[in-house]
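Dear colleague,

Please find below the structure I promised to hand over. My notes on it follow directly after.

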Amino acid sequence: MARLNVNPTRMVLTSLKKRLKVAVKGHKMLKDKRDELMKRFLELARENKKVRAQVDDQLANVYSNFVIASAVMSSEVLDEALMYPKQGVSIEVGKKNVMSVNVPVFDFTTTTDDASNIYPYGFANTSGELDSAIKNLSEIFPSLLKLAALEKEVQLLAAEIEKTRRRVNALEYVMIPQFQETIKYIQMKLDENERGNQTRLMKVKDMMVQEAILEKVENNKIAIEEYKREHLN
Amino acid sequence: MYRIGVIGDKQSVKGFKAVGLDVFDCLNSDEAKKTLRKIAKEDYAIIYVTENMCKDIMDVINEYNSVRLPAIIPIPGMDGSIGIGSSRIKKAVEKAVGADII
């Protein structure tokens with residue numbers, strides 16, 4: 001693992017230690033976030049799959065009604081019957097916060113005078129199959145909306161999980177080892193300097209002691225000479 | 001206030017008009033792509049696209065995966081489901097988990 005390119009000083013060491021601490025803490029929190037996101041995501045994905053299958057079935061049903069209706073009626077009449085809708089749909093988009101992911105919540109309101117009469121055409125020229133097709137379609141409308149909300153949530157969560165997982169991995173396999181390596185390097189370097197200093201001091205002391213001894217021997221020699229001179233003559 | 005749009009071939013989508021959705025019928029996927037790009041900028045919160053149109057414009061649809069709105073949702077068309085909807089769930093799971101476990 002490559003270490004960071006820094007000066008091996010005590011100040012850098014302290015700041016690196018601080019950064020390592022933050023990285024470890026962040027790694028732990030991101031890991032927790034990832035696990036929780038994953039848990040929710042799997043639940044949602046399962047539900048999404050269920051709703052999707054249900055909607056597929058229901059829509060197939062609606063389409064088969066339409067096919068029969070368009071077989072019974074001429075296409076001009078059918079187009080004319082559906083030309084101007086009686087019911088309007090508008091949706092409110094709310095916000096839901098799932099582990100700091102902003103997920104839209106759909107809430108729909110229909111603008112119609114009478115809920116039982118949604119058919120935008122007179123009954124004289126149209127067939128009964130068209131009625132049931134429209135009725136079915138408006139009945140499955142809530143599940144269509146639910147599908148939309150679920151699917152969007154699943155997509156958004158998947159993107160967020162991928163992002164979080166990358167961050168966790170980057171911290172775990174790149175940042176933290178790098179910090180540890182660098183801290184170790186700086187510590188070794190500082191220790192080495194310390195030892196170098198110690199030996200230098202010892203060496204200097206040795207030299208000084210040597211010098212002192214030599215001086216002492218010299219002094220003694222002089223003293224002995226003097227003593228001999230005074231007492232032997 | 002947001003609206004809901006439906007993009008697809010004429011046969012499949014004309015029923016949705018009756019229940020109050022905004023219908024955009026397209027002849028081919030090029031037209032669908034243009035329409036999708038246009039209405040995604042407007043105030044549509046949900047855009048349903050029939051699967052037979054979807055399959056050629058997946059690249060455009062995937063661009064909107066990571067934004068909050070609009071939600072672009074494939075629905076089966078007149079000729080039945082060709083599995084794009086469920087494969088999208090599968091892909092999302094693979095993206096998140098790393099393996100298809102659903």
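Two residues are taken to be in contact if their C-beta atoms, placed from the backbone, lie within 7 Å. This is a predicted model, in which local features need pLDDT of at least 70 and side-chain atom pairs count only at pLDDT 80 or more, while totals for chains, interfaces and linings use all residues. Residues are numbered from 1 along each chain as its sequence is written, and chains are lettered from A and ligands numbered from 1 in the order in which they are written.

On that contact criterion, 32 residues of chain B touch 42 residues of chain A. Helices (H or I, at least four residues) and strands (E, at least two) are DSSP runs, numbered from the N terminus. In these terms, β1, α1, β3 (44-50), β4 (71-75) and α5 (84-97) of chain B each supply at least two residues of the side that touches chain A, and α5(B) gives the most, with seven residues. That side of chain B divides into 19 nonpolar, eight polar and five charged residues, where Ala, Val, Leu, Ile, Met, Phe, Trp, Tyr, Cys and Pro count as nonpolar, Asp, Glu, Lys and Arg as charged, and the others, Gly among them, as polar.

The residues of the contact between α1(A) and α3(A) divide into 38 nonpolar, 14 polar and 17 charged.

In chain B, four strands form an open sheet in the order β2-β1-β3-β4, with parallel pairing; two strands pair if DSSP finds at least two bridges between them. The edge strands are β2(B) and β4(B), each of which pairs on one side only, and neighbouring strands of the sheet are turned by 20 degrees against each other on average, direction ignored. Strands β1(B) (residues 3-8) and β2(B) (residues 22-25) pair in the parallel sense over four bridges, and G5(B) stands opposite D22(B) in β2(B).

Two backbone details may also be worth a look. L69(B) and P70(B) are joined by a cis peptide bond, with omega about -5 degrees, and P70(B) has its place in the loop between α4 (58-63) and β4 of chain B. M99(A), a residue other than glycine, has a positive phi near 50 degrees, and M99(A) sits in the loop between β1 (88-98) and β2 (101-111) of chain A.

With best regards

How values were computed:
Axes fitted to C-alpha atoms, helices over the stretch in contact; angles between N-to-C directions.
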